[in-house]
Amino acid sequence: MENKEKNPQINRAAYLIILSLLAVLAVLAIATSSANRARREGTETQPPAVTTESLRTTPPVNTKDPVRTATPDTTAVPATTAAPAPITTAPETTKAPETQTSAPVDATPLKLLLPVSGQLLQGHDLEVPVWSDTMADYRTHCGMDIAAQMGASVCAAADGVIAQVWEDPMMGQCISVKHKGDAMTVYRNLSKVIPVGIEEGVEVRAGQLIANIGESAMIEIAEVPHLHFELMVGDEYADPLDYLADSIKTSLTADVAYEG
């Protein structure tokens, strides 16, 4: 009987001890859970500590004008460096001096031949007027009159080109020849019958027949048959005697009574 009474007491004490242990474990579990929760909450609310390393690496924040960083386009094809284009232009070389193609200028003075064989009837004078039998007055004379027979040959006084063939109302049939050095000879009081082939633009040589002596100049009709011969250099009249050789000048003598 006594053992039966003791066993229930022992069992009851064991239950109480177990219950106490369980209660202690429950309290410890609750305390541990509360501590962990408090630790987690304190970690989330506390700002991170500022270190010297973070000050060096973190860029300052511009609150006035924030910079927007564009997201790089990862789909674009990366640019490749283009190869330089080959040089096709030939290197410049020293140019050879250009060959002069223009004809050299003939600097020799103009020399005239006597256009007709005869005697000097009246000379060139632009300053002192002379008497004109036809006009019955005094007037200057822009050329020289060479008395010759009717129909005598009139030749080009120098190489040149026929510039004009025309009939002047006062000086009759006329021909002009263009020469070098901007010179021109003019032949007046010619026959109206012009030799074949003498026309504008035709080249002639010194001494070549271009006309014949006539009596077509109305302003000099009272004179004996003669050639009225003029020389122009540029735009001015010149004395033909100054361009004749001395040997030709001596063949001319003034003879106002030349009968032909």
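Predicted model: local features only at pLDDT ≥ 70, side-chain atom pairs only at ≥ 80, totals over all residues.
Strands β2 (125-132), β3 (137-141) and β11 each supply at least two residues of the lining of the largest pocket. The space in the largest pocket comes to about 220 Å³. Its lining is made up of 15 residues, and those nearest the centre of the pocket are R139, T140, H141, I219 and E220. By type, the lining of the largest pocket divides into 5 nonpolar, 5 polar and 5 charged residues.

Rolling a probe the size of a water molecule over the atoms shows where empty space is left. The structure holds 1 cavity of 30 Å³ or more. The volume of the largest cavity is about 40 Å³. It is lined by N189, E215, A217, E220, I221, E223, V224, P225 and H226. Of the residues in this lining, 4 are nonpolar, 2 are polar and 3 are charged. E220 is named in the lining of the cavity, and E220 is also among the residues nearest the centre of the largest pocket.

One of the cavity-lining residues, N189, has its place in strand β8. N189 counts as buried because its relative accessibility is 3%, which is under the 20% limit for that class. Its backbone deserves a look as well. Most residues other than glycine have a negative phi. N189 is not a glycine, yet its phi is positive, at about 60 degrees. D182 likewise has a positive phi of about 60 degrees without being a glycine. D182 is found in the loop between β7 and β8. With a relative accessibility of 48%, D182 counts as partly exposed.

How many aromatic pairs does a search of the whole structure find? The search finds 1. The pair consists of Y187 and F229, whose ring centres are 5.3 Å apart and whose planes meet at 40 degrees, so the pair is tilted. Planes under 30 degrees apart would count as stacked, and planes over 60 degrees apart as edge-to-face. The pair links distant parts of the chain, with Y187 in strand β8 (residues 183-190) and F229 in strand β11 (residues 226-233), 42 residues apart. Both Y187 and F229 are buried.

In soluble globular proteins, nonpolar side chains tend to be buried together. Here the largest nonpolar core has 30 residues, and L112, V154, I175, Y187, I210 and L227 are those with the most contacts inside it. Strands β4 (144-147), β7 (172-179), β8, β10 (209-212) and β11 each supply at least two residues of this core.

Is E230 buried or exposed? E230 is buried, because its relative accessible area is 2%. The side chain of E230 has polar partners: a contact of 3.0 Å joins it to the side chain of R188, and another, of 2.8 Å, joins it to the side chain of H228.

A last stop is V116, in the loop between α2 (52-57) and β1 (119-122). Along the chain, V116 and Q149 are 33 residues apart, and their C-alpha atoms are separated by 9.7 Å.

Methods
Residues numbered from 1 in each chain as written. Heavy atoms only, no water. Phe/Tyr/Trp six-rings, centres within 6.5 Å; stacked < 30°, edge-to-face > 60°. Helix = DSSP H or I, 4+ residues; strand = E, 2+ residues; numbered from the N terminus. Buried < 20%, exposed > 50% of the residue type's maximum accessible area, 1.4 Å probe, protein only. Core = buried A, V, L, I, M, F, W, Y, C linked by side-chain atoms within 4.5 Å. 1 Å grid on protein atoms, 1.4 Å probe; cavity = no way out; pocket = protein on both sides within 12 Å on 5 of 7 lines; lining within 4 Å. Points joined across faces, edges and corners; volume = space filled by probe spheres on them. Nonpolar A, V, L, I, M, F, W, Y, C, P; charged D, E, K, R; others polar. Polar contact = N/O pair within 3.5 Å; in protein donor to acceptor, adjacent residues only side chain to side chain.
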